[in-house]
Amino acid sequence: MEFNHVTVTYEENIAILALDSPPANALSSTMITELRTILKQFQDDSNVHAIILTGAGKFFAAGANIKEFVPAMGDYQKGIDMSKAGQDLCNELEFMTKPVIAAINGPALGGGLEVAMGCHFRIASEKATIGLPEVKLGLVPSFGGTQRLSRITSVATALELILTGKHIDSDKALELGIVQAKVSSDELMLTAKTIALSFVEGNSMQSVTRAVESVVQGAQKSFSDGLQREKEIFGELFLTEDAKEGVQAFVEKRKPNFRHQ
């Protein structure tokens, strides 16, 4: 696949997406469309087991393309449409049934941070900075940032970062739980690949995708509804050859030979 603003490469069964729109990888409407197209293709691609999202150059993504806002100002519906496009992208990242890891190589600001928060796991290099500075423009985060940040951290922390618009470094982001790991720039992609492989290597992709589905979708439901869906998924996996093989291999003390790897 070839796109104008996203570079796609593969290593084993890992797809690596690099936001690639110099100088700052701003999230233009075209880039958002390209990302959504790629994700839909990967969802149905059995050769893709995990996805890493990163930025080309020095930035992860410095936010939305503000130049696109100028002709839309004063138009309520255009504001709604821009917000919806970003929210849809972040929802599609979150609801992918394959693990999605954000490798934050540099500044992830505004929409860039919102996209990273849509991913299942986030790793930052020492060069990463994050922030939601939309209040400085007279706006608010609109790709889901006001909702995800408060769930990832707390309401108080989300309000502090959003209302001040300040940028924080990767150490602070790790302390607040916004990222799950911090590594050196030289180790960022290797660490992301290692984590991606740890999620899928040797496992049945049927159980991997259903586990992601259960956790992510369950987080959107009440606890009792989440338990109900977990129970249903467990029962459905009982019908699969991979589960039968996994259980039999455990009993026989051997490595399983899964059909869906």
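This is a predicted model: local features need pLDDT of at least 70, side-chain atom pairs count only at pLDDT 80 or more; totals for chains, interfaces and linings use all residues.
Before you click: residues are numbered from 1 along each chain as its sequence is written. Local features need pLDDT of at least 70 and side-chain atom pairs pLDDT 80 or more, while totals for chains, interfaces and linings use all residues, and side-chain values use heavy atoms, with hydrogens and water left out.

Stop 1: Select β1 (residues 6-11) and β2 (residues 14-19), which pair antiparallel over 6 bridges. Strands here are DSSP E runs of at least two residues, helices H or I runs of at least four, and pairing takes at least two bridges. Between the strands sit 2 residues, and Glu12 in the turn has a positive phi of about 55°.

Stop 2: α1 (29-43), β3 (50-55) and α2 (76-94) each give two or more residues. The lining is 7 nonpolar, no polar and no charged, around about 30 Å³ of space. On a 1 Å grid over the protein atoms alone, a cavity is where a 1.4 Å probe fits but cannot get out; a pocket is an open set with protein on both sides within 12 Å along at least five of seven lines; lining residues have an atom within 4 Å of a point.

**Stop 3: the largest pocket.** Centre on Ala64, Phe69, Met82, Leu139 and Ser142, the nearest to its centre of 35 lining residues. Its volume is about 660 Å³, and α2 gives the most, 8 residues.

**Stop 4: the second largest pocket.** This one holds about 460 Å³. Pick Glu94, Arg148, Arg151, Ala219 and Gln220, closest to its centre among 17 lining residues.

Key:
Grid points are joined across faces, edges and corners, and a volume is the space filled by probe spheres set on the points. Ala, Val, Leu, Ile, Met, Phe, Trp, Tyr, Cys and Pro count as nonpolar, Asp, Glu, Lys and Arg as charged, and the others, Gly among them, as polar.
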